[in-house]
Amino acid sequence: MRIGELAKLSNTPTRSLRYYEEQGLIIPRRLENGYREYDPYLIDRAIQIRGLIDSGIPTKIIALILPCLDKARGIVPEDIEPELLAILRDERDRMTQRIEFLTRNRDSIATYIDAADEALARRTAGTAA
DNA sequence: ATTCTTACA
DNA sequence: TGTAAGAA
């Protein structure tokens, strides 16, 4: 499939798909006319990459993670690179901090919403009565 | 109609 | 990332 279809199926802008390629993620083959040709299994990868990026993981790191994610099942102790492991631990910690950050703000907003609902309820009750 | 590249806000 | 220009 060409970029337009993948964009639609993975709900990812063509702009982003081209950017992913530029960053070394998802490298599609080219047709005679120069058009990018994507295999169906790349739909899931595109979605996954988009999710990773939305999670705040830099593309550099995503490039390192993708290979690991594909074979997360068959990890061989001998193949574990300490350098990569350190980077992943670091990234994991940033994710944790981001989650805590988001949690605080979500709770803050939730509290405001609850207060607003109650205020609205009181106003309605007063108008009705 | 679609996609490609390049570049700017 | 969105968007636009010009070519294929």
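I take a polar contact to be a pair of N or O atoms within 3.5 Å, and with that cut-off in hand I looked up R18, where a polar side-chain atom lies 2.6 Å from a phosphate oxygen of DNA strand B. I note at the outset that the model is predicted.

**Entry 1: the fold of chain A**

I began with the secondary structure and found that chain A has 5 helices and 2 strands, which follow the pattern α-α-β-β-α-α-α when read along the sequence. I then looked up the radius of gyration of chain A, which is 22 Å and thus well over the 14 Å that the globule rule gives for 129 residues, so chain A is more spread out than a compact globule. For the overall dimensions, I recorded that the C-alpha trace of chain A spans about 75 × 40 × 25 Å along its principal axes.

**Entry 2: DNA strand B**

Which residues are around DNA strand B? I listed R2, I3, G4, R18, R30, G34, Y35 and R36, and I sorted the residues of this surface into 2 nonpolar, 2 polar and 4 charged. Turning to the DNA side, I found that 85% of the atoms of DNA strand B within 4 Å of the protein belong to sugar or phosphate, while the rest belong to bases.

I then went through individual contacts with phosphate oxygens of DNA strand B. Besides R18, whose polar side-chain atom is 2.6 Å away from such an oxygen, I noted R30, which has a side-chain N or O atom 3.2 Å from a phosphate oxygen. In G4 it is a backbone N or O atom that lies 2.9 Å from a phosphate oxygen of DNA strand B.

**Entry 3: DNA strand C**

Around DNA strand C I found P13, R15, S16 and Y35, a surface that I recorded as 2 nonpolar, 1 polar and 1 charged. Of the atoms of DNA strand C within 4 Å of the protein, 32% belong to sugar or phosphate, and the rest belong to bases. What does the side chain of R15 approach in DNA strand C? I found one of its N or O atoms 2.8 Å from a base oxygen, whereas an N or O atom in the side chain of S16 is 2.6 Å from a phosphate oxygen of DNA strand C.

**Entry 4: the largest pocket**

Last, I looked up the largest pocket, which holds about 640 Å³ of space. I counted 23 lining residues, and those nearest the centre of the pocket are L64, C68, I75, L84 and L88. By class, the lining divides into 16 nonpolar, 1 polar and 6 charged residues.

Among the helices, helix 4 (59–70) and helix 5 (82–128) each supply at least two lining residues, and helix 5 gives the most, with 8 residues.

Definitions and conventions:
Residues are numbered from 1 along each chain as its sequence is written. Chains are lettered from A and ligands numbered from 1 in the order in which they are written. This is a predicted model: local features need pLDDT of at least 70, side-chain atom pairs count only at pLDDT 80 or more; totals for chains, interfaces and linings use all residues. Side-chain values use heavy atoms; hydrogens and water are left out. On a 1 Å grid over the protein atoms alone, a cavity is a set of points where a 1.4 Å probe fits but cannot get out, and a pocket is an open set with protein on both sides within 12 Å along at least five of seven lines; lining residues have an atom within 4 Å of a point. Grid points are joined across faces, edges and corners, and a volume is the space filled by probe spheres set on the points. Helices (H or I, at least four residues) and strands (E, at least two) are DSSP runs, numbered from the N terminus. Ala, Val, Leu, Ile, Met, Phe, Trp, Tyr, Cys and Pro count as nonpolar, Asp, Glu, Lys and Arg as charged, and the others, Gly among them, as polar. A residue is near a molecule or strand if one of its heavy atoms lies within 4 Å of it. A polar contact is a pair of N or O atoms within 3.5 Å; within protein, one must be able to donate a hydrogen and the other to accept it, and residues adjacent in sequence count only if both atoms are side-chain atoms. The radius of gyration is taken over C-alpha atoms; the globule rule is 2.2 Å times the number of residues to the power 0.38.
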